[in-house]
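Please read this note with the model open beside it.

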Amino acid sequence: MDEQRSHIISALVLHRPGVLQRVAGLFTRRGFNIENITVGTSEQEDMARMTIIARGDGKVLEQITKQLNKLIDVIKVRDLEPGNTVERELCLIKVHAPVEHVRSEVIQYANIFRGRIIDVGIETLTVEITGTPDKIEALIDLLRVFGIKQIARTGPTAISRGIKTI
Amino acid sequence: MKGGEAIIKSLQDHGVDVVFGYPGGVLLPLYDVIYDSDLKHILVRHEQCAAHAADGYARASGKVGVCIGTSGPGATNLITGIATAYMDSSPIIAIAGQVGTSLIGNDAFQEVDTLGITMPITKHNFQAMKADEIPGMIKAGFYIAETGRPGPIVLDLPKDVQEEEFNYKTDVKIDLPGYKPTKKGHPLQIKKAAKLILDSKKPVILAGGGVIHSKSSEELIRLSELISAPVTTTLMGKGSFPEDHKLSLGMLGMHGRKVANIVVDECDCLIAIGCRFSDRTTGNVGEFASKAKIIHIDVDPAEIGKNVDVDVPIVGDAKNTLISLTRNIIKIKTTTKNVNNTNKWTGYISDFKNNCRPRISFEDVPLKPQQVIKEIMESIDNDTIVTTDVGQNQMWMAHYFTSKIPRTFLSSGGLGTMGFGFPAAMGAKVALPESDVVAVCGDGGFLMVCQELATIKEYDIPIVVCVFDNRYLGMVAQWQKLFYDGRISHTRLGEVPDFVKLAEAFGVKGERVERPGEMKETLKNALKSGEPTLIDVTIDPDEILPMVPPGCGLTEIVGEYKVERESPGEIPYVKTTSRSRGD
């Protein structure tokens with residue numbers, strides 16, 4: 001319980017103005033270390049799902065979940081088990097690729113990583129890739145040699161495996 | 001019906017008969033409704049005091065207090081009072097005016113993001129963007145404020161929403177899927193706690209404000225007598241257990257009673273009820289009750305394990321949990337003949353307590369605060385409500401004043417808000433006009449809110465304000481004396497004002513007390529007169545409280561601990577500076 005690690009917290013919240021501010025504000029005020037937060041609609045009408053990546057030991061995580069649960073607009077909170085969770089992130093990478101051989105290399109890398117080229121410019125290619133944050137990091141590292149113009153990442157979202165829901 | 005009418009109607013439907021407020025531009029529609037309404041409105045002279053008064057009203061009566069302030073500066077002036085209520089879990093509803101919905105976000109005149117500002121200091125807050133949301137928000141506001149761990153609610157109310165017409169329905173339904181406070185403690189955990197208590201030889205109970213909120217003082221007394229466990233309290237718990245009871249140890253913590261601090265250090269089982277282990281209560285957490293198994297009962301799960309690691313956590317309302325815990329203990333006692341033998345422990349504590357009674361009688365001039373408090377205790381009834389301000393006056397009261405009844409000792413514990421005592425007393429008196437109300441303030445804190453003398457005069461709210469006048473910001477000066485080489489940096493207040501003349505300027509009776517015996521007579525007369533009175537008490541600026549320096553363990557008390565010996569014999573344990581001690 002005491003090791004410091006990143007936890008993936010999935011929270012079902014009321015889809016209301018200000019709810020993101022309530023959650024984000026809580027993290028700042030309590031001094032919790034937030035690495036990432038994504039918000040989107042959920043399977044239930046009027047509810048949104050937040051996926052929060054936070055760093056800390058077991059005690060910190062317990063406080064985070066308890067404090068989140070105290071917010072009136074938060075319905076459910078769960079710390080997803082790392083071994084039993086599917087985690088994905090979408091990333092768009094604009095690569096400097098003005099010449100033919102660079103372009104084909106970028107396309108090859110994208111294929112190996114099961115990415116796609118979604119935009120072709122005179123001097124750039126934009127790669128779309130989905131995967132775990134590690135996989136995305138790996139592709140970014142490879143593409144860096146060509147010169148990356150811009151990166152846009154969604155941050156990871158996650159869901160537990162099997163029948164379990166929150 | 002108009003939005004503004006719906007506010008007043010909804011408040012009255014929830015039993016509100018008085019509000020503390022201050023009008024302003026965007027509140028004109030609401031105040032136009034109040035003009036025709038039979039809701040009593042008390043015009044304070046600063047919005048901060050509206051919030052403190054609503055807070056004092058709530059603390060004294062247990063009912064939700066309501067305050068109103070306009071947009072922008074009105075709302076920001078309410079903030080200190082809202083944060084005070086939040087830290088001490090006091091149920092208030094603060095209604096803040098807001099600029100019209102079409103202007104929100106434009107940096108309009110007197111616009112401020114009230115919702116954003118109050119998010120971290122409220123249990124929940126609402127912004128009504130349409131009039132038909134108002135009844136539901138008020139209903140949900142009351143429900144959230146009063147249930148579970150109580151706390152303040154803010155309702156942000158744009159001007160046009162107050163004017164909007166809509167169809168008012170009386171039985172509005174509220175749906176709060178994310179709010180389900182736990183009421184009953186887990187039976188298995190309670191059983192575990194009962195066993196632990198019966199196995200202990202040196203149990204101690206620590207009672208916090210939660211005992212008062214859940215109205216479980218009787219249950220607390222029953223438990224403590226059943227297991228012969230002494231009871232210490234936090235500042236917020238003062239009054240939850242009668243301090244003249246033989247098992248009472250008084251307050252724990254930085255300025256707590258020596259007997260409480262040392263007994264908690266020595267105990268083998270600490271039963272903490274409705275408290276949050278604030279740093280002012282525990283001292284150095286690493287050394288806190290280090291020989292004890294800790295049982296923690298609290299309605300707020302987030303408080304359990306936050307500051308202190310506990311052995312048996314129980315999430316639940318204090319009243320239900322105490323009833324069930326007591327039942328379990330009786331059951332185990334009768335079926336297993338397990339009688340917790342604490343005779344040696346209670347005998348030791350009773351000797352310790354008798355030999356370590358803090359001295360309160362002094363003949364000195366200038367007056368010692370202890371002597372003043374003694375005379376206050378001699379002149380009031382058991383059910384007189386006393387409020388304190390923050391600083392030395394507060395800790396003198398917490399340390400030396402004997403509180404016997406819940407909701408009669410009101411003090412800003414968590415936020416430590418100077419200026420709380422006087423307006424809170426005003427609110428308490430409005431809530432309970434039949435009770436005497438005495439505010440004990442320092443000269444610094446009182447001056448921050450002295451304009452409310454106008455309010456108590458205009459509305460004839462006959463409270464007595466005792467200003468402990470040493471011309472210092474005493475607590476900060478004390479720390480400067482003890483920890484900053486006596487470098488008294490900006491804590492000397494100088495010679496002005498003359499508090500008696502200040503009171504008289506507002507038409508309030510002013511008295512001055514300088515010698516032993518005078519306080520008793522003056523206070524008695526003031527209470528009898530039924531008039532608002534200010535008593536300026538000149539006290540000794542050199543008097544210092546016994547204290548545990550910040551970051552130290554609870555037994556490391558500095559400052560002379562003057563005791564009033566009534567029975568001969570040695571104090572069982574008098575060493576106060578060593579860290580390591582055996583059993």
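1. Two strands pair if DSSP finds at least two bridges between them. Strands themselves are DSSP runs (E, at least two residues), as helices are (H or I, at least four residues), and both are numbered from the N terminus. With that in hand, V465(B) stands opposite L534(B) in β18(B).

2. A word on the source. This is a predicted model, in which local features need pLDDT of at least 70 and side-chain atom pairs count only at pLDDT 80 or more, while totals for chains, interfaces and linings use all residues. Residues are numbered from 1 along each chain as its sequence is written, and chains are lettered from A and ligands numbered from 1 in the order in which they are written.

3. Strand β16 of chain B spans residues 464–469 and has a parallel partner in β18(B), residues 533–538, with six bridges between them. β16(B) also runs parallel to β15(B), residues 437–442, and five bridges join these two. In that pairing, V467(B) of β16(B) has C441(B) opposite.

4. Is β16(B) buried or exposed? Six of its six residues are buried, where buried means that 20 or more other C-beta atoms, placed from the backbone, lie within 10 Å of the residue's own.

5. Eight residues of domain 1 and six residues of domain 2 of chain A make up the contact, which requires C-beta atoms, placed from the backbone, to lie within 7 Å.

6. Which elements of domain 1 of chain A give two or more residues to the side that touches domain 2? They are β1 (5–14), β2 (33–41) and β3 (47–56) of chain A, and β2(A) gives the largest share, three residues. By class, this side has four nonpolar, four polar and no charged residues. Ala, Val, Leu, Ile, Met, Phe, Trp, Tyr, Cys and Pro count as nonpolar, Asp, Glu, Lys and Arg as charged, and the others, Gly among them, as polar.

7. Between the chains, 16 residues of chain A are in contact with 14 residues of chain B. On the chain A side, α1 (19–30), α2 (58–70) and β4 (74–80) each supply at least two residues, with the largest share, five residues, coming from α2(A). This side of chain A has five nonpolar, five polar and six charged residues.

Definitions and conventions:
Contact = placed C-beta atoms within 7 Å. Buried ≥ 20, exposed ≤ 12 C-beta atoms within 10 Å, placed from the backbone.
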